[in-house]
Amino acid sequence: MALLGRIQSELAILREKDQFRVLRNLDKSDLLNLSSNDYLGLGSMPELREEFYKNLQNCPTDETYALSSSSSRLLTGNHPGYQELEQALSKMYNDRAALVFNSGYHANIGILPALSTKKDLILCDKLNHASIIDGVRLSDAQFKRYPHLDYKALGNLLEKNSGKYENIFIISESIFSMDGDAADLRKLVELKQAYKTTLIVDEAHSVGVFGATGCGLAEEQGVLDEIDIIIGTFGKAFCSAGAYAIMNETIRDYLINKMRSFIFTTALPPVVVNWSRFVLSKIIGMKKQREYLFKISAKLRDGLGTIGDSQIVPFIVGENAAAVALSEKLREAGILAFAIRPPTVPAGTARLRFSLNAALTEKDIDKVLNLM
Ligand SMILES: Cc1ncc(COP(=O)(O)O)c(C=O)c1O
């Protein structure tokens, strides 16, 4: 069969390049997990789950704990937990409108295709996450990538293209998922204002972790109200699942009507939505965990002599096989730190991606440093 032949040879190439991926059933119980995105360590706080579930015995049929919504949000899937979660998010983000999605991937593949047309231009940081790239590809707009965090290049692109399109969108992550470095959101806001563009920022790796109340890097850098659309996810620091966007009411109404990955999918299970709201109420006050996380992240970064501004600490090895070998060496010593290879990162920059969480101890960091 032509198809099988083609994909078999592609798989053989992946194996040759040490890029073949497999799903593993890892027993993580004996491993020190430095690959999780549970940045605040909420998964290691059984008391939180106990508190959340404490009413369950009394009312096992309570919709709060239902395991399926059985429908899209525009049909019968819009259970009351959504409104409560969106209201809590609105309150957290200075009364701006909030909309919850099934995942960050759903958010990123849906927002740009809904909002942009072929008369528009999208300017995208070169290292933006794959879900953003997929959203850009699904949209009808023209797009250009600017070199990673190079705002001079972005300014030049804006200067060159301003007036040639109906709308220009700038889209960037705030904390970059594979390098752990931070966008200069103030600079992006300046450019957005100077060229009257729409600015979208994906804060997947910074909500819960940055900002006095955990709203993310936009809060930390004082530009929370200046960014047109802020995307946050619940699958990382929130230890839940799903995502949200913060924006104005008009954009929210438009997305509800036009965003295909919002409309044509079964809504999240109520229990997940309610857990996200429960966690959100806790995260706002977790300043101590945030400070501690920065402390151990700086310790690991300094010890490794590596780059980054966050709890994501990359250790760039270069070749795929060498990164896999280092990951194996750590695994044998009881440490889980995955090797990240192309196409997730550029060729020749295979790395270990340490992602730290507030449940780790300083001794854990010492253990890693001693092995490197
Ligand atoms: C920057 C960024 N945006 C979006 C996503 C997707 O979020 P989710 O896992 O909720 O689909 C990820 C996931 O890793 C991410 O790193």
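Trainee: What makes domain 1 and domain 2 the divisions of this protein?
Mentor: The protein is divided into domain 1 (15-40 + 287-371) and domain 2 (63-283), with bounds that come from an automatic or database domain assignment. This is a predicted model, in which local features need pLDDT of at least 70 and side-chain atom pairs count only at pLDDT 80 or more, while totals for chains, interfaces and linings use all residues. Residues are numbered from 1 along each chain as its sequence is written.

Trainee: How do you know which residues of domain 1 are in contact with domain 2?
Mentor: Two residues are in contact if their C-beta atoms, placed from the backbone, lie within 7 Å, and by that test 18 residues of domain 1 are in contact with 16 residues of domain 2. The largest share of the side of domain 1 that touches domain 2, three residues, comes from strand 9. By class, that side has nine nonpolar, five polar and four charged residues, where Ala, Val, Leu, Ile, Met, Phe, Trp, Tyr, Cys and Pro count as nonpolar, Asp, Glu, Lys and Arg as charged, and the others, Gly among them, as polar.

Trainee: Why is strand 2 called largely enclosed?
Mentor: A residue is buried if 20 or more other C-beta atoms lie within 10 Å of its own, exposed if 12 or fewer, and partly exposed in between, with C-beta atoms placed from the backbone. Four of the five residues of strand 2 (residues 97-101) are buried, so the rest of the structure largely encloses this strand.

Trainee: What makes strand 2 and strand 8 a pair?
Mentor: Two strands pair if DSSP finds at least two bridges between them, and five bridges join strand 2 to strand 8 (residues 243-247), the two running antiparallel. Within this pairing, Phe101 stands opposite Ala243 in strand 8.

Trainee: Why are strand 9 and strand 11 said to stand at the edges?
Mentor: They belong to an open sheet of three strands with the order 9-12-11 and antiparallel pairing. Strand 9 (312-318) and strand 11 (339-340) each have a single partner strand, so one side of each is left without a neighbour in the sheet. Strand 11 and strand 12 (residues 350-355) are joined by two bridges in the antiparallel sense, and Ile340 stands opposite Arg351 in strand 12.
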